[in-house]
Amino acid sequence: IYKFGFGNFVKFWEEMTDPSTGYAQDFRSSLKNTLFFFFFGNLFSIPMQFLVSYFLYKKLPGEKIFKVTLYLPHIISSIVITTIFKNVVAANGLMSSISMAFGGEPVTYLITTPEWAKWTILIYNNWIGFAGSYIIMTAAMMRVPMETLESAKLDGCGAWTEFWKLIIPMIWPTMQIFIIEKVSGILSADGPILFLTDGMYDTSTIGFWFYKQVYVSHSFEYPAAMGILMTLFVAPIAIITRKLTDKVFADVEF
């Protein structure tokens, strides 16, 4: 019998304030890992996504290879691309074979040790996230009038100045939405935890915690209460982010 009601919130508070319970430790570990994926993922990926999008927009040498590499995860089924990635980084995978072929030691620790598993998953998340950002960012950059860029070039504007002083301010509304969307997903930053590590090696996230609650423990009312609490936590952060990003650049019409 499912018991929906405020008792689930009370239960959550009691368990979270008692650090001796294994349940609280499991959730806190999942929360810690989720924040790890969010902060370290976005700290590196957001600037890189903007720079790579600009690189592809300018059609510099090698841009077609980058396009194929970055868009590949969106062409192939997610389960297929995850399987390929796992076979590359697994203890007996491709990286181990290459290392041993050159006389090195087998690479057996990338997704089987707490020290490396989270970073490996972080790299995977950043790779599969590039395609969506590339499409959004380059589409926004292509709307920038060429006359503006050509005029700036005649005035001695270099690529770096063009990127920071012209491109970024003119596509800021698109970037603002992109940043807000990233911030709104602060508690849903995870990855293919189930398939890569099954939550082992200190890689469990809140998303995986929800999976265990619903599909393993067959609990629905408690995760539902948690979903409400997560919304109450994330909504103010998204609103504050919107207010702050509104002040970065003035709106540009073109």
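This is a predicted model: local features need pLDDT of at least 70, side-chain atom pairs count only at pLDDT 80 or more; totals for chains, interfaces and linings use all residues.
Residues are numbered from 1 along each chain as its sequence is written, and side-chain values use heavy atoms, with hydrogens and water left out.

**Overall fold**

The protein has twelve helices and zero strands; here helices (H or I, at least four residues) and strands (E, at least two) are DSSP runs, numbered from the N terminus. Its C-alpha trace spans about 70 × 55 × 30 Å along the principal axes. Of the 254 residues, 39% count as buried, where buried means under 20% relative accessible area, exposed over 50% and partly exposed in between (1.4 Å probe, protein chains only). Taking a contact as heavy atoms within 4.5 Å, 70% of the contacts between residues at least 6 apart in sequence join residues at least 24 apart.

**Aromatic pairs**

Rings of Phe, Tyr and Trp (its six-membered ring) pair if their centres lie within 6.5 Å; planes under 30 degrees apart count as stacked, over 60 as edge-to-face and the rest as tilted. By this rule the count comes to 18 aromatic pairs. Two of them are set out here.

| Pair | Type | Centre to centre | Angle between planes |
|---|---|---|---|
| Tyr54 and Phe163 | tilted | 4.9 Å | 55 degrees |
| Trp160 and Trp164 | edge-to-face | 5.7 Å | 70 degrees |

Tyr54 is buried at 9% relative accessible area, and Phe163 is buried at 3%. Trp160 and Trp164 both belong to helix 8, four residues apart, which is about one turn of the helix. Trp160 is exposed, at 55% relative accessibility, and Trp164 is partly exposed, at 43%. Together with Tyr57, the residues Tyr54, Trp160, Phe163 and Trp164 form one aromatic cluster.

Rings also meet charges. A charge sits over a ring if NZ of Lys or CZ of Arg is within 6 Å of the ring centre and within 35 degrees of the ring normal. The charged end of Lys86 is placed this way over Phe195, 5.0 Å from the ring centre, and that of Lys118 over Phe36, 5.1 Å from the ring centre.

**A buried valine**

Val89 is part of helix 4 (residues 78–89) and is buried, at 6% relative accessibility. Leaving out residues up to four places away in sequence, Val89 touches Met95, Leu110, Ile111 and Thr120. The C-alpha atoms of Val89 and Ile111 are 7.0 Å apart, although 22 residues separate the two along the chain.

**The largest pocket**

On a 1 Å grid over the protein atoms alone, a pocket is an open set of points where a 1.4 Å probe fits, with protein on both sides within 12 Å along at least five of seven lines; lining residues have an atom within 4 Å of a point. The largest pocket has a volume of about 570 Å³, a volume being the space filled by probe spheres set on the points, which are joined across faces, edges and corners. Of its 24 lining residues, Asn42, Asn125, Lys182, Ser188 and Ala189 are the closest to the centre. Helix 2, helix 6 (114–141) and helix 9 (172–184) each supply at least two lining residues, and helix 6 gives the most, with eight.
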